[in-house]
Amino acid sequence: MLAKSISSQINVLIINDSNYMSTLLKDLISSQTVRVCDIARDGIDALRKITVQKPDVILLDLEMPRMDGLTFIEEMVKRGTLIPTILVSSFSQDGAKIVLDALENGAIDFVPISQLNPENMTILKETLITKINAAAQSDPQKAVLEKIKNLKPKRKAIVSPQAASVVVTIASSTGGPGVVQSILSTFPADIHAGILVVQHMPKGFTKKFAERLDENCEINVKELQDGDLITEGTALVAPGDLHMEVDSQLKIKLVDGPKRFGVRPAANVTMISSAEYFGMNTIGVTLTGMGHDGAFGMKTIKRRGGKTIAQDEQSSVVFGMARAACELNAVDKLLPPDKISEAVLEEVKKLVTE
C-alpha cells in the first residue's frame, strides 16, 4: 500500500456501534488534514463500505453486534485488504490479551478511551490526530510487527493455592433470575469450579438476589466484594452498577467504568478478563435477556479455547443476548436451562480430570 501524501486529506472510516462515540470521534478528528469519509455500525457494514469509500485509515471498536472488531480485521485481511487500523476502545492498554489479538491480526495501533472527561479531551484529540497521521504514512505489515514487539502480556502473579482452576461465567438479564437459580441449584457443593454471575439488576437488588440464591443452593452464593478470591463451590454475584473484573491473582476487582452496551455490570468485562487468566478452563454461559452483552465475551472465551453455552430461543423470555452471541459464532451449544446445568457439570468434570 502506497503511503498517503502528506499534503492531501486523510480519509478515515469510523467503525463503532455507538452513535455517541461515532459523533464524538468525528468531531475530535475532523480538520483540514483529516476527513471522516463514513461511519459503519459494525464489521459487516464496514466490509461493504471500505470497498466503496477506500479509506486511508480505520478507527475501530472491538465490541460490536453482528461482527466484532477482531472478526472484521480477520475478514479484511482474508480479502486481501490491509487498511491501517487503529483500535479505539475502553480496554486497558497495559497488556490485555484482547488488544494483542487485534494487533497480531492486523491492527497497527491502539488508543484507550476509558476516561472520557472534559479534562483529557484535548489530549485524546491530539493522540488520535498524531496516530492517524502516522498510520496513513505506515506500511501496515511492518507496523504490526513493531507494535507486537512493544506490547507484551502482563506477567502472571503467584496465584493462591485456594483459587479455583476452572471458572463458569454466567450472563443474564430480562427473565434471568429464575433461570440462574434453576441452574445454580443443581450444582453440588463440591463442584470443582468457581462461578461468576452477572445479572443485570439495579444497585441495591443484587445483594438480596445473592442471598435468595444462597438459601436455595448447595453451593455458597454471595454478592462479591472487591478483592474476593475465586474459589471452588462459591458463586460470586456482581453488585449492581459495578463491573466485575478478574485480575492476575484470580481475585475480583470491582470497576466503576463506563457502561458497555448500556449496562453496568457488563458480562463482557467479566468474561473477557476470565478468559485472559483462566484460558481454556473458562466456561461461558449466556441466558435470556435483551441486548448484546455477553456476545463478545463468549467469542473471547472461544478464542482462548474455552467452552460456551447459551439458552435456546424456546425457553428464553427474550432471545436477545444469546442470539447476539450466535451471530458472532460464539456459541458451542444452544440448550434449555436444565440441559445447560448438565452441560456445565460435564465440562467442569472434563477439565478437572484431563
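Guide: Start at Glu 245, which is partly exposed, with a relative accessible area of 25%. Keep in mind that this is a predicted model. The side chain of Glu 245 meets that of Lys 253 in a salt bridge, at 3.3 Å from N to O. Lys 253 also counts as partly exposed, at 39% relative accessibility. Salt bridges with shared partners also build a network, and its members are Asp 38, Asp 45, Arg 48 and Lys 49.

Why might such pairs form? Side chains of opposite charge can pair when their charged atoms come close. The structure holds 20 salt bridges.

Arg 48 and Asp 45 form a salt bridge, and their closest N and O atoms are 3.5 Å apart. Both residues sit in helix H2, three residues apart, so about one helical turn separates them. Asp 45 counts as buried, because its relative accessibility is 10% and the cut-off for buried is under 20%.

Now take another pair. Asp 42 forms a salt bridge with Arg 66, with the closest N and O atoms 2.7 Å apart. Asp 42 is in the loop between S2 and helix H2 (43–53), while Arg 66 is in the loop between S3 and H3, so this pair ties together parts that are 24 residues apart in sequence. Asp 42 is buried, at 5% relative accessible area. Arg 66 is partly exposed, at 37%.

Look at the backbone of Arg 66 too. Most residues other than glycine have a negative phi, and most peptide bonds are trans. The phi of Arg 66 is positive, near 65 degrees. Leu 250 is not a glycine either, yet it has a positive phi of about 65 degrees. Leu 250 lies in the loop between strand S10 (243–246) and S11. This leucine is buried, with a relative accessible area of 8%. One peptide bond also stands out: from Arg 264 to Pro 265 it is cis, with omega near 10 degrees. Pro 265 belongs to the loop between strand S11 (252–255) and helix H9 (267–278).

Next, the strands. S1 covers residues 10–15, and six of its six residues are buried, so the rest of the structure largely encloses this strand. In a regular strand the side chains alternate between the two faces of the sheet. In S1, Ile 10, Val 12 and Ile 14 point one way, Asn 11, Leu 13 and Ile 15 point the other way, and all are buried.

S1 has strand partners. With strand S2 (residues 34–40), S1 pairs in the parallel sense over six bridges. Here Ile 10 has Val 34 of S2 as its bridge partner. Together, S1, helix H1 (residues 19–29) and S2 make a right-handed β-α-β unit. S1 also pairs with S3 in the parallel sense, over four bridges.

Thr 85 lies in strand S4 (residues 85–89). This threonine is buried, with a relative accessible area of 1%. The side chain of Thr 85 reaches the backbone oxygen of Ile 83 at 2.7 Å.

Definitions and conventions
Residues numbered from 1 in each chain as written. Predicted model: local features only at pLDDT ≥ 70, side-chain atom pairs only at ≥ 80, totals over all residues. Heavy atoms only, no water. Helix = DSSP H or I, 4+ residues; strand = E, 2+ residues; numbered from the N terminus. Buried < 20%, exposed > 50% of the residue type's maximum accessible area, 1.4 Å probe, protein only. Polar contact = N/O pair within 3.5 Å; in protein donor to acceptor, adjacent residues only side chain to side chain. Pairing = 2+ DSSP bridges. Right-handed = clockwise from strand over helix to strand, strands pointing away. Salt bridge = Lys/Arg side-chain N within 4 Å of Asp/Glu carboxyl O.
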